[in-house]
Each structure stands twice: as structure tokens, then as C-alpha cells.
2 protein chains.
Amino acid sequence: MAQREKDYDLLVIGGDAAGMSAASQARRIDPAMTIGVFDKGEHISYAACGMPYYIAGQIADSNELIAVDRDEFVAKRNVDITNGAEAVRVDFDAREVVIRVGSEERAYGFRKLVIATGARAFRPPLRGIDAPDVFFLRNLSDGIAIKTRLAEKRPKRIVTIGGGFIGLELAEAFRGLGIETVIVERMESVAMSMSPFIRERIITTLQKNGVTLVTGAEINAIVEAGGALGVVTGAGTFDADMVVISTGVVPNTEFLIASPLAFDSRKAIVVNGKSETNLPGVYAAGDCATVPHLVTGKDVYMPLGSTANKQGRVAGLQVAGVASEVFPGIVGSQFVKIFDLEVGKTGFNAADAEREGVPAESVTATWRSRAGYCPKAQKIFMTLTINADTRHVIGAELAGTDGAALRTNVVAAAIAARMTIDELAYLDLGYAPPFSPVWDPVNAAAQKFVKRGM
Amino acid sequence: MAQREKDYDLLVIGGDAAGMSAASQARRIDPAMTIGVFDKGEHISYAACGMPYYIAGQIADSNELIAVDRDEFVAKRNVDITNGAEAVRVDFDAREVVIRVGSEERAYGFRKLVIATGARAFRPPLRGIDAPDVFFLRNLSDGIAIKTRLAEKRPKRIVTIGGGFIGLELAEAFRGLGIETVIVERMESVAMSMSPFIRERIITTLQKNGVTLVTGAEINAIVEAGGALGVVTGAGTFDADMVVISTGVVPNTEFLIASPLAFDSRKAIVVNGKSETNLPGVYAAGDCATVPHLVTGKDVYMPLGSTANKQGRVAGLQVAGVASEVFPGIVGSQFVKIFDLEVGKTGFNAADAEREGVPAESVTATWRSRAGYCPKAQKIFMTLTINADTRHVIGAELAGTDGAALRTNVVAAAIAARMTIDELAYLDLGYAPPFSPVWDPVNAAAQKFVKRGM
């Protein structure tokens with residue numbers, strides 16, 4: 001090994017949300033420490049979740065998706081940032097990272113290390129996946145590639161493989177551009193993380209907006225002939241001018257897998273509420289790491305931007321000696337907009353609880369978003385789930401059009417604070433006719449359990 | 001005393017939200033008990049909070065504001081309802097209520113009693129208050145009277161006395177009808193229940209919408225000459241075609257004041273979380289009663305429709321023997337819409353905390369409603385208050401235009417569950433660019449305390 005290029009007090013691998021949050025917070029507390037950030041891509045700190053809106057044309061310039069100005073960050077915060085720099089191995093005993101830049105390998109020392117390498121799109125073992133006009137959407141370069149190709153090729157028809165939230169957001173973007181859109185999903189339905197009651201609203205919304213859904217279909221291959229693609233499934237072959245695959249992500253941890261770091265079954269790095277790994281002075285944050293789930297206390301892999309920012313911030317503060325800073329964990333809160341349908345989920349639904357061995361009871365409820373006499377009152381569809389033994393609230397899903405998603409956050413707070421359903425049923429939530437009925441939808445859903453218990 | 005007309009298992013005095021909820025829940029549990037409801041007004045169970053929207057013309061028919069169909073309720077639920085029936089005294093030993101209907105007094109016996117007489121508009125001691133075209137807004141008849149008079153007189157200018165939430169909602173209604181609107185308020189500002197930071201947004205909104213504010217002005221008299229009114233204040237006399245007075249409410253409890261019932265200093269009936277008064281088998285609910293405040297544990301008088309419904313429901317269930325049903329109390333959550341400004345408050349602001357002797361710290365914060373790159377992102381203005389000793393979250397105020405009010409409910413849950421500011425700062429709230437930035441506004445405001453503590 002060549003001599004070290006430089007020794008850093010803090011070395012950060014990965015310059016997206018988690019990594020840049022860590023660097024930024026460490027610098028805020030400690031103006032003196034040396035900090036180096038290495039990222040294998042072209043961009044730092046881009047807003048991955050904004051890409052469907054960029055592709056849809058609602059955000060004109062990809063630069064708007066870049067949260068941190070690289071040059072300004074380097075100059076003002078005195079942080080070294082190297083792009084096109086991929087970590088190839090870490091020697092935890094020697095406290096050294098080997099980074100490949102172009103064809104060259106360089107060694108850098110560290111006192112503290114934050115691993116924030118994120119995740120990449122899962123590539124299903126599918127024949128023909130390398131055909132031209134087959135895309136993945138994960139990093140900003142992917143987003144730019146899709147948008148560029150849309151403008152060049154002006155596709156009439158796109159097949160999206162995978163009916164998770166990102167696939168659904170993409171379908172909305174494509175339909176907004178007037179493109180025929182087919183979602184092909186191997187499982188029995190799209191949005192399989194949601195309960196059947198809420199899923200039904202999602203499916204209705206997709207169909208109303210002209211999205212073709214092909215579900216429960218084994219996906220066998222992608223074929224290509226003369227610029228035209230075909231997605232070959234158990235339910236027939238679907239023609240397409242472009243294909244986008246969105247079938248989940250895998251953590252970028254291969255280069256570490258032989259190390260003494262602790263991983264979970266999905267090869268995500270296990271961290272605690274201080275973003276600490278099992279190795280001293282080594283932290284991990286964001287889409288390459290697990291996070292504690294407050295309902296079960298288990299470490300789970302649930303990569304989301306909101307979690308990446310929190311874990312990154314805590315990692316940076318811990319590195320800088322702010323030991324009190326803790327992100328205790330998630331309850332699994334997520335929002336997604338699907339055309340005009342707002343969807344929110346937090347905690348467990350009945351299926352999640354069963355999978356985790358938590359004794360659960362669920363109700364569904366349909367309520368109004370505002371006082372019934374308000375002309376703008378809309379329906380809110382809800383599921384609410386409790387631990388059947390303790391009566392603690394453990395989950396909710398909401399769908400609708402008038403603040404449905406935001407209302408999920410009340411239940412997120414209730415879950416995190418271990419509130420019982422009886423407390424939630426009488427929780428003093430705000431009331432005014434333009435915002436809520438006199439019994440808030442969340443109160444109303446919770447009352448269903450209370451009434452049932454009589 | 002004449003012989004009793006009838007003996008009821010449950011007698012309810014007052015047929016609005018609280019009283020009708022009690023009757024309805026008692027009947028649901030117990031199909032056999034005899035139930036009688038007596039209300040002194042013309043209507044039962046009307047939506048008082050909807051009246052500004054009825055006056056504004058957004059709700060065409062006053063019948064839409066009636067939540068419960070009287071005849072249907074009588075027939076299907078087998079409940080006697082008598083309107084124009086005012087309770088004049090209660091003999092708690094004899095378990096008998098004397099009701100005046102027209103000029104006649106009738107006695108009714110009860111086994112259980114629910115007092116839900118509500119509140120009436122406070123009439124300030126103001127010379128000229130009985131002049132024609134001077135209105136109060138409290139019950140549905142008041143609302144109909146104002147709307148009828150607006151149509152007849154087509155006023156050019158209205159002076160509203162009182163700058164509380166109802167006065168502000170009325171100002172919006174009048175401006176929407178093209179009427180010059182002046183709010184006259186004795187205190188230094190309108191919306192005095194809010195912190196100065198949020199109040200500033202409210203004032204800006206009112207002024208932008210052409211409402212004239214006269215604050216810190218002693219109000220001396222209303223004068224009338226030839227159909228024109230003048231509101232005489234320390235800041236001059238303000239001409240008006242109509243005057244509406246909205247200066248708070250007083251509980252309707254005079255007929256009980258000499259009884260052994262326990263009252264608070266404002267003559268509201270003191271009840272616990274089961275809506276029980278100090279007398280056995282006697283319950284009170286809604287705007288004539290106190291409610292426990294979860295931050296201090298004290299009984300407070302804070303009459304709101306959401307509380308009336310909860311207390312009424314609990315009273316009815318307790319009467320029917322469902323002892324487990326408890327409304328533990330409020331945290332003081334309120335919403336108000338002022339033109340396009342959404343405003344929410346929960347718990348205490350700094351001034352509230354000082355008044356209650358709670359050691360407090362507050363921050364203000366301005367954040368975005370959505371990811372910064374979303375074209376529809378709006379500013380959210382917030383105050384957040386904690387108990388300085390325990391770091392428990394004790395209050396929040398939010399104002400803005402894109403879900404600001406609904407976001408207050410997250411903090412309501414946090415207060416009720418005794419969450420610390422450190423937990424709120426890292427609470428796992430939903431994220432998607434069309435609904436929230438990656439750090440939710442509530443997280444962001446809470447982080448200000450956390451950062452300050454470093």
C-alpha cells in the first residue's frame with residue numbers, strides 16, 4: 001500500500017443526505033477538525049425523492065434538486081470533497097480507507113469514520129435487462145438520463161416494472177407527460193406495503209388516471225428488436241418504448257462485507273440510536289444502515305430520506321462529541337402522493353404485525369376531512385391498528401385528498417409515545433369547520449375500537 | 001309544586017352538542033332507559049362553529065347546520081325532546097327539575113341528570129347595547145338574525161367589537177360580502193391568545209384583506225341616530241350600519257348557582273374526566289362545564305365544540321354504566337382560518353405558561369411546508385414552548401397556508417403523551433416532497449431547542 005495521502009479527523013464515505021449531514025454537523029460543533037468526504041458519483045447531496053417531479057417537468061432544472069452547493073460547502077465549511085471516488089476497502093485496525101479515483105488507488109487515514117454509502121437499485125435477475133432504453137431510478141444521474149431520453153425518444157408507451165411507491169410516483173409522472181403507462185408487478189397487487197382497504201383507493205386512483213396494472217405476473221425477460229422493447233410476463237408480453245425498473249434497493253456495503261462490521265440479513269450495517277456501529281469510532285447512517293424500530297425494538301432496514309438525514313445528523317454530532325444527541329428510531333412513517341390521492345402510513349398494519357409476531361387488531365374507517373356542511377369536505381379513508389394485548393396504537397394508514405397524509409403524523413406521535421387507543425380516541429385535536437369535523441378523523445377511527453370494546 | 005309530569009331515568013338539560021351526545025350514547029348502550037331532553041331554544045344540535053360560513057354564504061341553508069334531525073331522533077331513538085323549555089331550578093335531593101315552557105312551570109323527576117346548558121354571549125356593560133342592528137353571535141337564531149338583516153339592510157360598514165377568533169372569522173365573512181369591516185378591540189391586539197410572532201401573521205392577513213383594526217381602544221358606548229350606529233371609543237367614533245359584539249361567553253349556570261354543585265371562578269360547573277360533578281348521578285358537559293387541562297392538571301374553562309362532544313359522549317356512557325369511558329382532558333388545541341391563513345394552537349405559549357406559573361422556554365421558527373424545490377412550497381410560521389425544567393413539550397402555534405393548522409395536531413399528541421422536546425426533534429414524521437420537507441417543520445422547530453442546548 002502506498003503512503004497515505006492524508007489523515008482526517010473525520011472521514012465520510014458517501015456525500016448524499018446522510019454523509020453531508022454528518023460532515024455539516026461535525027463541522028458546526030468543531031471548527032478545527034479535518035473532514036474529508038468521498039463520493040463515487042458525480043453529485044453530492046441531491047434530493048432523490050424529488051426525481052419523479054423532475055421527470056414530470058414540475059421541477060425545471062436538475063440543479064434545483066441539489067441541496068448543498070458543493071463549492072460553497074468546501075470553501076465555507078472547510079471540508080474536502082472528492083467526487084468520482086469509490087471506497088474499495090477499509091482497514092479498521094490501521095484506521096485507513098482505500099479510495100479508487102479513476103484507475104488510481106489512494107489511502108486515507110481516519111480517526112472517526114462515517115459510512116454513508118447509501119443503496120443502489122436492485123437489479124432483478126432478468127434476461128435482457130441490459131437492453132437499451134431500460135432504466136433504473138436511483139441517483140440523480142439516473143433521473144437526468146431518463147429525462148433526457150424521454151425528450152429524445154418521445155416514447156408513446158412505458159412499462160414500469162415494480163409497483164412500489166417509486167413505481168407509482170413514476171407512473172404519475174409519465175401519465176402527466178401523456179405517455180401510456182403500464183405497471184407490471186410480480187406480487188398480487190401494487191402498493192403491497194399497504195392494507196387492502198387503502199390499496200383499493202390507490203388502485204382506483206391509478207385506473208381512473210389511465211394507468212394499466214398487470215399484477216401477479218411472473219416477469220420473465222425483456223426483449224428488444226429494432227428499438228422496440230417487450231416485457232415478457234406470465235400474463236403476456238407488453239410492448240414499450242422505454243422500461244423503468246423499480247424493484248427495491250440494496251445497501252452499498254459489499255466492499256465491507258468481509259470486515260468485522262455487524263450486518264443484518266439484508267447486508268445493511270447495524271447501528272444504534274447514536275449511529276454507532278459495533279466498531280469504536282465507526283458510524284453508519286442512511287440507506288446503507290439499519291435503524292431501530294420503536295414498535296418492536298428490532299433493527300430494521302427501511303431506507304428513507306427522512307431517516308438518512310436524522311441518522312447523519314446524529315453521526316456528525318456524536319463524532320464531534322455531542323454524546324446526548326440520539327435518534328431513538330423510527331415508527332415507519334411514509335407519505336406518497338399518487339395523482340390527487342394523498343397516502344400516509346405509519347407503524348404496522350395487520351399484515352406487518354402478523355409478520356412481526358405482534359398480536360394485533362385493526363379497524364377501517366371512512367370519515368370526513370371537514371365539517372359535513374362544508375362544501376369542500378372530502379372522504380378520508382383510514383386503517384388503525386393496535387397491539388391487542390396492550391391496546392397501544394401501533395399503526396395507521398390514511399388516504400384521501402384533503403390533508404389525509406399529514407394527519408398520519410398524529411398517529412406517528414402516538415405510536416412513538418406509546419399512547420393507548422383509549423387515549424387516542426379522546427385526544428384533544430384542533431377543530432374548525434374548514435379543517436376538521438368536530439370529531440377529528442383520527443379520533444373517529446380510534447372510537448371504533450372503544451365502541452367495539454363495550 | 002305541582003305533581004311531576006314524568007320521571008326520567010336520564011334527564012338532559014340542553015339539546016346542543018354535549019346534551020345530544022349524552023342522550024345518544026346513553027340510548028345506544030341502554031335501549032330501555034327513559035330519556036328526556038329539554039332545550040330552551042328553538043333548535044337542537046346545531047353546529048355553532050359553522051355560523052360564520054353560513055353568514056358568508058358558503059352554506060346556503062341554515063338547516064345544513066343542524067347536525068341531528070329532531071323528529072328522526074325522537075322517533076328512532078325514543079327520546080323525548082322539548083324545545084322552548086328552560087330549566088329554572090333543580091332540587092338535587094328530590095331529584096327533580098322544574099322547567100318553564102311558555103308561562104307554565106312543570107316538574108320532571110330524574111335518576112341521572114346531565115347538565116349541558118352551554119354558554120351565552122357575554123354582554124359587556126356598554127351604553128346603547130340594546131340599539132337596533134346590534135347583534136351577538138351565539139346560537140343558530142342569532143346567526144339567522146344576522147344573515148336576514150344583512151340581506152334586508154345591505155350594510156356598507158360593520159363594526160365588530162372583539163378581536164377573538166369568532167370576531168376574526170366574522171370579519172372574513174363580512175369582507176367576503178364586500179362590506180367595509182372594522183374590528184374594535186379593547187386589548188393591545190386582536191388574537192391575544194396567540195404569541196406575538198403568530199399574531200403578526202394574523203394582523204398582516206387581516207390588513208391585506210382590507211379589515212380595519214382599532215386596538216387598545218376603550219369602548220365607551222354605542223350611539224344610534226336615524227338608523228346609523230356609532231361605536232364610541234377612546235380612539236374615536238366608528239360609524240356602522242350594523243354592530244356585532246363578540247367578547248367571549250359566560251356559562252348558563254345561574255339557575256344552579258345557589259345549589260350544592262361545585263363551580264369554578266367563572267361559574268362553570270366543575271367536572272372530572274368522567275363528566276361527573278361533585279353530586280352523585282349528576283353530570284355536566286360542554287360550554288357550561290370546566291375540563292381538566294393535561295399540562296397543569298387544573299380544571300379550566302375553555303368552551304369549544306370538540307370538547308363539548310367528548311364530554312357529552314362520556315357523560316352519556318357513564319350514565320349508561322360504561323364506567324371505563326374517560327375523557328382525560330384537553331391540551332387546549334384550537335384551529336382558526338382567517339382568510340387564507342391557517343392558524344393552529346395547542347397547549348401553552350410563553351405568556352400562558354407565565355400566567356400558570358410553569359417555567360417555560362419558547363422558540364420561533366420559519367420553515368417550508370414542502371421540499372424547497374417544490375413550486376408549491378409555502379412558509380410555515382411556528383412557536384414551540386417547553387417546560388424549562390422537564391423539557392416536556394407544552395405548546396405550539398402554527399400559521400401558514402399549506403397544512404399549517406393540521407400540523408399542530410402532532411404537537412397536541414406530543415403534549416398529551418408528555419413527550420420531551422428531544423424526542424419531538426427526532427420524531428419519525430412522514431416525508432414526501434409534495435407534503436413536507438425532509439425535516440418536517442415540527443422536527444425543525446424542535447431542533448432549535450436541541451441545538452441551543454449544545
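This is a predicted model: local features need pLDDT of at least 70, side-chain atom pairs count only at pLDDT 80 or more; totals for chains, interfaces and linings use all residues.
**View 1. Domain assignment of chain A.** The assignment divides chain A into three parts: domain 1 (6–48 + 66–120 + 250–319), domain 2 (123–247) and domain 3 (334–452). Between the centres of domain 1 and domain 2 of chain A, taken over C-alpha atoms, lie 32 Å. Five residues from domain 1 of chain A and four residues from domain 2 of chain A make the contact. On the side of domain 1 of chain A that touches domain 2 of chain A, one residue is nonpolar, two are polar and two are charged.

**View 2. Packing of helix α1 against helix α7 in chain A.** Two packed helices are described by the angle between their axes and the distance between the axes. For α1 (residues 17–29) and α7 (residues 305–319) of chain A, the axes come within 7 Å and cross at roughly 30°. The crossing of α1(A) with α7(A) is right-handed. From α1(A), the contact includes Ala17(A), Ala18(A), Gly19(A), Ala22(A), Gln25(A), Ala26(A) and Ile29(A). From α7(A), the contributors include Gly305(A), Ala308(A), Asn309(A), Gly312(A), Arg313(A), Gly316(A) and Val319(A). By residue class, the contact of α1(A) with α7(A) comprises ten nonpolar, nine polar and one charged.

**View 3. The side of chain B that touches chain A.** In this interface, 58 residues of chain B are in contact with 57 residues of chain A. Elements of chain B that each supply at least two residues to the side touching chain A are helix α7 (305–319), strands β20 (334–338) and β21 (341–347), and helix α9 (404–416). Of the contributions to this side, that of α9(B) is the most, with ten residues. The side of chain B that touches chain A consists of 37 nonpolar, 14 polar and seven charged residues.

View 4. Two copies of a chain are related by a rotation about an axis and a shift along it.

How values were computed
Residues are numbered from 1 along each chain as its sequence is written. Chains are lettered from A and ligands numbered from 1 in the order in which they are written. Axes are lines fitted to C-alpha atoms, for helices over the stretch in contact, and angles run from 0 to 180 degrees between N-to-C directions. Helices (H or I, at least four residues) and strands (E, at least two) are DSSP runs, numbered from the N terminus. A crossing is left-handed if the near helix is turned anticlockwise from the far one by less than a right angle, and right-handed if clockwise. Two residues are in contact if their C-beta atoms, placed from the backbone, lie within 7 Å. Ala, Val, Leu, Ile, Met, Phe, Trp, Tyr, Cys and Pro count as nonpolar, Asp, Glu, Lys and Arg as charged, and the others, Gly among them, as polar. Domain bounds come from an automatic or database domain assignment.
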